[in-house]
Amino acid sequence: MFRLLLLLTVLGAAVGVASSSAVAQEQVGAAAAGTALDWQSLPDLPDELGVAGPFVGVHNDALIVCGGANFPRPVWDNDKVWHDTIHVLTKVIGGYEWKSGGTLSHPIGYGTAVSTADGVICIGGNDGVTTFSEVFALRWDPDAQQVTHIPYPSLPEPCAYGQAVVVGNVIYLAGGQNDSGLESAMNNFWSLDLSRKPDAADIDADSSDFGWQQLNAWPGDSRAFNITAGQHNGYEDCVYVMSGRRQGPDNVEFLNDVWEFSPKAGQWRQRAHVPRPVLAGTGIGFGQSHIFVLGGDDGSLFFRADELRDTHPGFPTEALAYHTITDTWTSAGTMRRNHVTTVPVLWNDRVVIASGEVRPRVRTPSVWSVAPIVRERGFGTVNYCVLFGYLLAMVGVGVYFARRNRTTDDYFRGGKHIPWWAAGCSIFATMLSSLTFTGIPSKAFAQDWVYAVGNFMIPVVAVVGVYVALPFYRRIDATSAYEYLEKRFSRSVRLFGSASFTLYHVFRMAVVMSLTGLALSVATPLTPQQSVLLMGMLSIIYCTMGGIEAVIWTDTIQTVVLLGGGLLALILLIGGTDGGLAGTMLAAQNADKLRIANFHWDVTDAQLALWIVVIGALGQNISSYTADQAVVQRYMTTKDQKLAAWSIWTNAVMTIPATLLFFGIGTALFAFYHSHPEKLDATITTDQIFPLFIANEMPIGVAGLIVAGIFSAAQSTVSTSMNSTATTIVTDFMRPFHACSTERGYLNAARAITCVMGIVGTLLGLIFVDPEIKSLFDTFIKVIGLFMGVLGGLFVLGVLTRKANAFGALTGAFVGAMVMFLLWKFTNVNGYLYTVSGIVTCVVAGYVASVVRGGQDRDLSGLTIFTTADAAPVP
């Protein structure tokens, strides 16, 4: 088998090296000039002149445009006219249609608006004479085909020419003027928490519970005609205030500074300046980490408007894109036309820019729908050959071992003749998974090294695995980890544990496949659904045939490929960054990307405190090394306990360099794209950043090999889940009830159950595909915590106490499961604490229930740490 492993690894490396020498670099689908935008026209506004300063928003899938002002033709001979008309653009069969929404209570323009589920909230504005503080909602009723007006609490003071955004469930308004002159520009930052809105339709504007709050404003200059946008910065959704203009001591000042507000911390920090002023611009968050600026005046011709009049060329037509994580600006191509003084909105996953001003005094009725162009995902013939060749080789491993499985002991435990180093690599690969390969680099890219401390807890917990868990399982010669629960408590506890594990791994399969499919959709032309089907199908084939031996050896091959590919990626990333290694370190230090610890007591903060990482990681790994059949099963595949212990230590040792490698890749990704922001793709998620680099920057052939490795890593996780769930079902549910009369019958049942589990996991994976997920790593951590906390708690309860009984164990399990559900559903507690919360709740509730109920009539010899001396020697 070692020769087979060596041959496959050498062949894979040879293909990659040969391919990379043939074609130095394949840039598939990369746009050298940055993000390109697709501009599509929607029906013009019914007002043929168009308006500037309208309220614009979306409610009940209809676009509402109302108010605003314009100049009748000839524009330089007439005064500005203010409007009160409400226009509603609705979808009809074959296109769109404008409908009348009535009128506002009075003509008004140059306020701002935000779109909410409760309606389009219109805020402030003026009519050329008076600046208003009024706020109201416009709701579109598609059945009655009419707009209704709902009053909202007024602003603390009148405001026009500012901009607002909704972040979470809070409206934030920044900038503006409280009078008609620019000298009244403010340094204001106000918020309205929509979660405090009364249920009643009529809202008391004087309500102390629902009203505008004055927050600390940005440290910079006062301003009006600014951009206010919301976007995720890698940690949380933030508010961004950009550009604007103000009245200086001698003249009008045009600003290009950018400020970021953290709602969680209530603090501001300055970010990279806009390349040019974008006064009265249309800026909006798009995707997971981009802000598009699709309009704005740079002020270069501001003082020449009266001179140029009809010969004015209009405002700059270059769109800009800001990436919140790398804090960089780049071009987003040429706009069809630059609209200023209008409110951009998201509608049907596209940015809509309705009407506005295109040059001094000139409005436009045009309405544009804008979205970044999705780059074509090429992959290349060589990469495809490497990918499918590698995947077929994994199937070949399953075929090879199929003929060696004679009994369920062979199928579930490899006949206890697996080398310790292969078992160790398999534990490592099981804990690694494809989500680690894509999720950890993206986490370090978006945040820092705080989560690395959690991985450093694995060697600590390995002590528990070697000296506590391993002897218990080897002593009872367990095939299923949950055999211990029956010996310690009762069969009902064993069945509960086994059923919980099975349910967890079915969901784990689905989560791993769906999230990996999403991540890889940027690296290959395959859709997430096609990737899920491919991973599921191949896993079913080789796992059903080959059993645990096929799983372990494919894990070992995958470990070599992924670590080797990761190391090559790190070298290429550093080499491609401006300044090389020194430039990478400098960029990381300047952005605080090397931070390894936070010190606070907030359990809901996205920036995890050190104590949360340490305690959470200890809980997760204790559960994995003591109660996860997928790991425990490896303990039983070696010849004896000593070799099994070596396999655990192998995994623990490999964790350290792997952690440094994958977090290092994330940091290097940040430095690379900070140097080359034009290579970023606004259509991808943050979790797709590493696959994006693999597809566009890695040498041809090597890219195919690494993508194949990620597929294989996902398949490794899936096949592990398939085999381990089949093991628990056969061992815990079938054998105790003598479901089959022969060993061959159990082996056939094991293969059938493996296949069924794979099919169910694959089907769920297709359902779980969700591109809105912001972090694969965080999502996976929550899934682990929701299920494994209680299982770990049962083992801890059994091993560390003498008084715990079956009644207490079941009580603790149900209480723990309830607490897990409540934490997930009704709190913002970080998912990293889920597992340890489940363990503690299960142990405390179980012990108390056991003491209250009383009674322990079982022989506990060798089943607790206090009774190991009474046990027989461990084989």
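The lining of the second largest pocket splits by class into 24 nonpolar, 17 polar and 6 charged residues (Ala, Val, Leu, Ile, Met, Phe, Trp, Tyr, Cys and Pro count as nonpolar, Asp, Glu, Lys and Arg as charged, and the others, Gly among them, as polar). Before you click further: this is a predicted model, where local features need pLDDT of at least 70 and side-chain atom pairs pLDDT 80 or more, while totals for chains, interfaces and linings use all residues. Residues are numbered from 1 along each chain as its sequence is written, and side-chain values use heavy atoms, with hydrogens and water left out.

**Stop 1: the pocket**

That pocket has a volume of about 1400 Å³. Select Gln231, Gly285, Phe286, Gly287 and Leu346, the closest to its centre of the 47 lining residues. Then colour the strands that each give two or more residues to the lining, among them E16 (227–232), E17 (237–247) and E20 (283–286). On terms: on a 1 Å grid over the protein atoms alone, a pocket is an open set of points with protein on both sides within 12 Å along at least five of seven lines, a cavity is a set where a 1.4 Å probe fits but cannot get out, and lining residues have an atom within 4 Å of a point. Points are joined across faces, edges and corners, and a volume is the space filled by probe spheres set on them. Strands (E, at least two residues) and helices (H or I, at least four) are DSSP runs, numbered from the N terminus.

**Stop 2: a cavity**

The count comes to 6 cavities of 30 Å³ or more. Pick Gly111, Gly162, Gln163, Thr341 and Thr342, the closest to its centre of 15 lining residues. Its lining has 6 nonpolar, 9 polar and no charged residues.

**Stop 3: H20 and its partners**

Show H12 (610–627) and H20 (834–853): their axes come within 7 Å and cross at roughly 70° (axes are lines fitted to C-alpha atoms over the stretch in contact, with angles from 0 to 180 degrees between N-to-C directions). The two helices are therefore roughly perpendicular (65 to 115 degrees). Ile615, Gly619, Gln620 and Ser623 of H12 make the contact with Thr835, Val836 and Ile839 of H20 (heavy atoms within 4.5 Å).

Residues to select include Gly812 and Gly816 in H19, and Gly838 and Ala845 in H20. This contact divides into 12 nonpolar, 9 polar and 1 charged.

Methods:
Parallel < 35°, antiparallel > 145°, perpendicular 65-115°, else oblique.
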